[in-house]
Amino acid sequence: MSTQLDSAAEARTLIAAIRESREELAEGGFVSDRDNADPAANLALLAGLGAARLAVPSEYGGLWDGTERGGWGAVIRALREVSAGDGPTGQNWLTTVLVARELFGPGSGFAESARGELAGRILDDGLRLVSSVAETGVTGRTTARPVEGGVVLNGTKSFNSNSGGQGMALVRCVLEGEQPAPHQVLVDLNHARVELHDDWDNMGQRGTRSRTATYRDVFVPDGRHQPAGQFSPVFLGAAMLLHAGLMQGIGEGALDALVQHTRTMKRGSLPRFATPADDPLILRRIGALSSKLAASRALLHSSADRLEAGDDEDMDAITVDCFRAKVAAVEASLAAASEIHEITGARSTSHTYRYDRYWRNARTFASHDPIDAKNVYIGGYELGNSLPPLSTIIRF
């Protein structure tokens, strides 16, 4: 029990340190967005703070207890703080956390030697992890062919977020054989037979470097591949909360920027108001945004805590709360990001500030997984008190 209490206290201290670094993360995000580059300095800052300890089990020196439900409350709170500094940095960091859960979580089939090595590199060297899953827009399936001592991987994957730092990719593929089956393969992105295409040029989340990766006859030894099981309801709920935490952070970062800029303004929206502080129109709009974000933040945190402490009997209700948290965070974030210029005026549209990046980041990520679909399932739960199969909710 004392170990758990110590880990919780260390996690709170870590989250507070990240909060103190929000301004520095925002500065790094500005540069990354301007240059369409990987936010390497921001990821190095997080590594220096020890943020990776939230992704690694305690048996390897981390703060996570290694259970499926453990640690989500701390992860979501940390992610929100990171993303308030910079959305792309938040997405990169959450990708490492999510992949680490698959590598180190209960039921992992990866060799103990491989897990120990990876844990050490994540904690000591800032190793970044990539979820190489999507095949949207590519031709054919990614396959693994069994050979003596391992498998050989071939195929192309799109949207490899967090690949700007190379790192390791967990590649979802089909294991060839009499009965082809879903499989996972761990690949070093520095491998000579891995090609990372320079094709990520989206309007937002630019620093995620979510480019295409092609694997050509990449040999992966035994111990670094395993059957790919079905995602559990807990994992699905956590994924929704990670999405929500990212969006929540972007919205809070937008509000931070809005408030800081408004404090420098010399007049209100109408001549009768000498300063923004005298202008009830500005005060009302900032207050409304603050309230929306406070409400979505409260739901985000309570859902994360409920996921961590819950049990399987409550899982449908918990999952619906995770969906609700995502819907609320998306709506609040888009509202905050879209009203910056409306409140601060035409001067704030200058590239000197790049405040539009908050909307571009929020709109880009929100488009990844539309909330209409989430509201359909929330409504279905309200009417029927149960959720449909996971395969009808999310693409695997």
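Predicted model: local features only at pLDDT ≥ 70, side-chain atom pairs only at ≥ 80, totals over all residues.
The packing of two helices is taken up first. Helix H4 spans residues 72–85, and helix H5 spans residues 87–104. Their axes come within 8 Å. They cross at roughly 160 degrees. Angles over 145 degrees count as roughly antiparallel, so H4 is roughly antiparallel to H5. On the H4 side, the contact is made by Trp-72, Val-75, Ala-78, Leu-79, Val-82 and Ser-83. H5 contributes Gly-87, Thr-89, Gly-90, Trp-93, Leu-94, Val-97, Leu-98 and Arg-101. By class, the contact has 9 nonpolar, 4 polar and 1 charged residues.

Trp-72 belongs to helix H4. Its relative accessible area is 2%, so Trp-72 is buried. Arg-101 lies over the face of Trp-72, at 3.9 Å from the ring centre. Arg-101 and Leu-98 are among the residues that Trp-72 touches, leaving aside those up to four places away in sequence. The list also includes Val-234, Ala-238, Leu-242, Ala-304, Leu-307 and Glu-308. Ala-55 is 17 residues from Trp-72 in sequence. In space, the C-alpha atoms of Trp-72 and Ala-55 are 9.8 Å apart. A charge over a ring also occurs at Phe-323, where Lys-374 lies over the face at 5.9 Å from the ring centre.

Aromatic rings were then considered. A pair of aromatic rings is described by the distance of the centres and the angle of the planes. The whole structure holds 4 aromatic pairs. One of them joins Phe-159 and Trp-200. The ring centres of Phe-159 and Trp-200 are 6.4 Å apart, with 80 degrees between the planes. Planes over 60 degrees apart count as edge-to-face, so the pair of Phe-159 and Trp-200 falls in that class. This pair links distant parts of the chain, 41 residues apart. Phe-159 is in strand S3 (residues 150–160). Trp-200 is in the loop between strand S6 (194–196) and strand S7 (211–221). Phe-159 is partly exposed, with a relative accessible area of 43%. Trp-200 is buried, at 7% relative accessibility.

Phe-231 and Phe-235 form a stacked pair, because their planes meet at 10 degrees and their ring centres are 4.9 Å apart. Phe-231 has a relative accessible area of 23% and is partly exposed. For Phe-235 the value is 14%, so Phe-235 is buried.

Gln-205 has a phi near 50 degrees, a positive value in a residue other than glycine. Gln-205 sits in the loop between S6 and S7. With a relative accessible area of 1%, Gln-205 is buried. Asp-217 is not a glycine, yet its phi is positive, at about 55 degrees. Asp-217 is placed in strand S7. Asp-217 is partly exposed, with a relative accessible area of 39%.

A further residue, Thr-262, is found in helix H7 (residues 233–262). Its relative accessible area is 7%, so Thr-262 is buried.

Notes: Residues numbered from 1 in each chain as written. Heavy atoms only, no water. Helix = DSSP H or I, 4+ residues; strand = E, 2+ residues; numbered from the N terminus. Buried < 20%, exposed > 50% of the residue type's maximum accessible area, 1.4 Å probe, protein only. Axes fitted to C-alpha atoms, helices over the stretch in contact; angles between N-to-C directions. Parallel < 35°, antiparallel > 145°, perpendicular 65-115°, else oblique. Contact = heavy atoms within 4.5 Å. Nonpolar A, V, L, I, M, F, W, Y, C, P; charged D, E, K, R; others polar. Phe/Tyr/Trp six-rings, centres within 6.5 Å; stacked < 30°, edge-to-face > 60°. Lys NZ or Arg CZ within 6 Å of the ring centre and 35° of its normal.
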